[in-house]
Amino acid sequence: MAQPNILIVMVDQLAGTFFPDGPADWLHAPHLKALAARSLRFANTYTASPLCAPGRGGFMSSMLPSKTGIYDNAAEFRADIPTFAHHLRGAGYATCLSGKMHFVGPDQLHGFEERLTTDIYPADFGWTPDYRKPGERIDWWYHNMGSVTGAGVAEISNQMEYDDEVAHLAEAKLYDLARGSDERPWCLTVSFTHPHDPYVARRRYWDLYESCAHLSPQVAALDYNDHDPHSQRIFDANDWRSYDITEDHVRRARQAYFANISYLDDKIGAILRVLEDTRQEAVVVFVSDHGDMLGERGLWFKMSMFDGSSRVPLMISMAGIKPGRIDAPVSTLDVGPTLADLAGIDLAAISEWTDGESLLPMASGAARSGPVPIEYAAEATVAPIVALREGDFKFVRCAIDPELLFNLADDPNERINLAGDARLTQTLAGFRAAADERWDLGRFDADVRASQARRLVVYDALRKGGYYPWDFQPLKTASERFMRNHMDLNVLEDSQRFPRGE
């Protein structure tokens, strides 16, 4: 089988709870609904870690943060860690990234041969948490509830400017690929920053949800003391005591979030239209890095093991695979092995390092081999948190918190902790054994603390004197674009046209 072209569309902070089988019926997302209709839809997909850099690092490498060291949004993505871009490139693919991937460190490519934009977030160690200072809140980069109280309409914002550019350059790249100057198969990753907060949307999308029936959370805000300890730490990290969150704030924030799903739908629709207009065939993968609690039980943003934060959409459209819904839990860690499988890369070699597995056998009815693992080791905790998702259950463990066990079939909103239920003693014992086999939490904690301490020293030193940032600088050679005097006009005009003239 010929190696297929691959188009990956990644969005940021889109909760899988709004994609029960493709986009929820009430979302105004016609292009994503059309994509869903021709896709294999994984209804219970989980992030490697519910935070941007660790989640994306897991997506790229198919390894958990405890293996890669990408514990938080300021942890280095080491250059020696293989990614799906490395594997595809080694197999003969042209690999290109347009948009966000939140790489931290000097390597800003990680296997991509070409990168069309800079990142929207810093590439240095400045956002490093410090477990030695429990309860410390770093106001200049921690989330706060101003994203909720400030929700509303705007025609331009920092994030809109970024995603407008990401989409434009991705479309231009697809047109360029259609010209056929590179005969290799290609993998283009287009990665947006919406619907990540702040919750600000353009009027034409905002108005779509003026009368939406889903502007209030399913689970009303709980009293602070009724939350589990980790959720309490998330509240504290988000500086909740400094804000009076009203019902109107909640409704406006959710309206903007939904509006930005529609904004993304337009962007994605335009990209898919270019693919169609230029007669290029490609496998299309749609995924998010993590979710957003969006006011459920009073929680916002991510950092939580609850489904609103840790569950994401995943859809794969490709020739030869019958569209349909798969309910068994899977992971964003599985995307890399799936891409390798599509490209004909030997999965036996990859299995030595990956925490994921190819999803293609599931299209034929096979089961995933084991529970889906999730890790969290960033701000709003002072010890790593791990989880396993298998069957109907989710198990959560942290050395400083009580265990959590939820039956998501009976309790989709995760309100009832079954860890103390005598009827589930065997189930709990099975999860404990699986967690013991996978994780040494003491070692994990020590590794995180050592990484934080090193990075805090390095960051402080590098910000003194001359500063040489690692942020990616997109370069374009103007003298090689459009028409210049070293080019033959006749050859140029014909080669840059698609389809060719007579």
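The largest pocket is lined by 25 residues, and Asp-176, Arg-179, Lys-476, Arg-481 and Gln-496 lie nearest its centre. A pocket here is an open set of points on a 1 Å grid over the protein atoms alone, where a 1.4 Å probe fits, with protein on both sides within 12 Å along at least five of seven lines; lining residues have an atom within 4 Å of a point. Strand S5 (114-115), helix H6 (158-178) and helix H15 (489-495) each give two or more residues to this lining, and H6 gives the most, with six. Helices (H or I, at least four residues) and strands (E, at least two) are DSSP runs, numbered from the N terminus.

The model is predicted: local features need pLDDT of at least 70, side-chain atom pairs count only at pLDDT 80 or more, and totals for chains, interfaces and linings use all residues. Residues are numbered from 1 along each chain as its sequence is written, and side-chain values use heavy atoms, with hydrogens and water left out.

Let me return to H6. H6 packs with helix H9 (residues 247-277) at an angle of about 10 degrees, their axes 9 Å apart; axes are lines fitted to C-alpha atoms, for helices over the stretch in contact, and angles run from 0 to 180 degrees between N-to-C directions. H6 is therefore roughly parallel to H9, a term for angles under 35 degrees.

Key:
Parallel < 35°, antiparallel > 145°, perpendicular 65-115°, else oblique.
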